[in-house]
Amino acid sequence: MTDPLTRWRAHADDAVLLDGFHALKHALRFGAEIPVAVTTDRAAALALAEELAGDVRDALDALLTQVSAETYASLVPRPHPTGVAALAVRPSREANLRTLARTPRSAPVVVLDNPRNLGNAGAVIRLAAGFGATGVVTTGTLDPWHPTVVRGGAGLHFATAVERLGVDELPAGPLFALDPEGEDIRGTKLPDAAVLAFGSERSGLSAELRARADHLLALPMRPQVSSYNLATSVAMTLYHWSATGGAPS
Ligand SMILES: C[S@@+](CC[C@H](N)C(=O)[O-])C[C@H]1O[C@@H](n2cnc3c(N)ncnc32)[C@H](O)[C@@H]1O
């Protein structure tokens with residue numbers, strides 16, 4: 001087997017950086033292919049696995065190579081408190097598109113229409129993973145696989161299909177667009193086949209997406225408040241879907 005640095009360099013350009021123990025743990029749980037994983041303290045990382053993630057302890061034992069603190073620092077933009085980092089193979093666009101297109105669907109697809117904030121996108125991917133959503137689709141220029149989004153997603157990009165698409169390429173299914181001017185969401189049961197769309201932090205839903213929407217839904221909010229944060233809006237909507245029948249197991 002080649003040394004971890006050589007393997008790291010061989011994959012660094014097209015792989016996804018998993019920054020920290022928890023990102024690696026999540027990626028392993030959801031079947032990510034991990035060509036290389038390093039730690040500054042193998043014993044500490046395996047002890048953490050025994051304490052918090054016994055299900056992936058043996059996989060980590062087989063994967064993790066100990067490196068010096070200097071080597072680790074040269075591989076990551078900023079050191080993580082757990083001293084763990086790994087590279088994962090990004091799922092192919094074709095595989096994600098197949099997942100997004102598959103019908104009947106057992107859980108909604110979340111659409112972020114031209115999101116601007118990388119942290120919001122990561123938080124939404126984490127939410128989608130938690131609720132078992134089919135995928136997270138972004139429109140516009142933000143790359144949902146940007147390292148900052150992956151960091152915010154805590155390794156959960158591998159638990160849901162994450163892709164960027166045009167509004168004209170969105171998956172089939174009734175499109176529910178969330179907007180403070182819509183009808184109260186509490187009167188609607190969201191179907192598993194739903195496509196749930198949310199507007200940009202700056203300007204809300206685009207005209208193109210509004211034109212495609214089958215329903216406009218509002219989250220309950222006092223009149224003097226203009227809007228909620230994007231990620232919290234996704235959280236409330238997925239919770240509403242789960243609370244009205246579509247629950248994660
Ligand atoms: C920060 S808000 C956008 C605010 C933006 N300035 C605007 O003009 O709409 C981001 C997105 O969260 C969702 N959202 C926020 N508050 C909402 C509410 N009360 N009801 C439904 N959706 C909401 C919408 O999809 C909105 O486009």
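In what order do the four strands of the open sheet with mixed pairing run? In this predicted model, the order is E1-E4-E2-E3. The edges are taken by strand E1 (15-19) and strand E3 (64-66), each of which pairs on one side only. From one strand to the next, the twist averages 25°. E1 and strand E4 (residues 84-89) run antiparallel and are joined by five bridges. Within that pairing, Val-16 has Ala-88 of E4 as its bridge partner.

Helix H1 (residues 4-11) lies across E1, strand E2 (36-39), E3 and E4, and runs at about 130° to E2. Helix H3 (residues 42-52) packs on the sheet as well, touching E2, E3 and E4, with its direction at about 150° to that of E3.

On to the other sheet. It is an open one of six strands, with parallel pairing and the order E7-E6-E5-E9-E8-E10. Strand E7 (161-164) and strand E10 (215-218) each have a single partner strand, so one side of each has no neighbour in the sheet. Direction ignored, neighbouring strands here are turned by 30° against each other on average. Four bridges link strand E6 (residues 135-139) to E7 in the parallel sense, and Gly-135 finds its bridge partner in E7 at Ala-161. Helix H10 (residues 230-243) lies across strand E5 (109-113), strand E8 (175-184) and strand E9 (195-198), running at about 155° to E9.

As for the record, an unreviewed UniProt entry annotates residues 109-239 as "domain: tRNA/rRNA methyltransferase SpoU type". In the model, that span is 27% helix and 24% strand, and its end C-alpha atoms lie 14 Å apart.

The contact between them takes 14 residues from domain 1 and ten residues from domain 2. On the side of domain 1 that touches domain 2, the elements giving two or more residues are E1 and helix H2 (21-29). H2 supplies the largest share of that side, at six residues.

Next comes the packing inside the model. The largest nonpolar core has 68 residues, and Val-110, Val-124 and Ala-197 are those with the most contacts inside it. Helix H7 (residues 118-131) provides the largest share of this core, eight residues. Both domains take part: the core draws at least three residues from each of domain 1 and domain 2.

Arg-126 counts as buried because 22 other C-beta atoms lie within 10 Å, where the cut-off is 20 or more. Not counting residues up to four places away in sequence, Arg-126 touches Gly-153, Ala-154 and Leu-156. Gly-152 sits 26 residues from Arg-126 along the chain, yet 7.7 Å separate their C-alpha atoms.

Note on methods: Residues are numbered from 1 along each chain as its sequence is written. This is a predicted model: local features need pLDDT of at least 70, side-chain atom pairs count only at pLDDT 80 or more; totals for chains, interfaces and linings use all residues. A nonpolar core is a set of buried Ala, Val, Leu, Ile, Met, Phe, Trp, Tyr and Cys residues joined through C-beta atoms within 7 Å. A residue is buried if 20 or more other C-beta atoms lie within 10 Å of its own, exposed if 12 or fewer, and partly exposed in between; C-beta atoms are placed from the backbone. Domain bounds come from an automatic or database domain assignment. Two strands pair if DSSP finds at least two bridges between them. Axes are lines fitted to C-alpha atoms, for helices over the stretch in contact, and angles run from 0 to 180 degrees between N-to-C directions. Two residues are in contact if their C-beta atoms, placed from the backbone, lie within 7 Å. UniProt positions are given in the numbering used here, feature names are shortened, and annotations may be inferred rather than shown by experiment.
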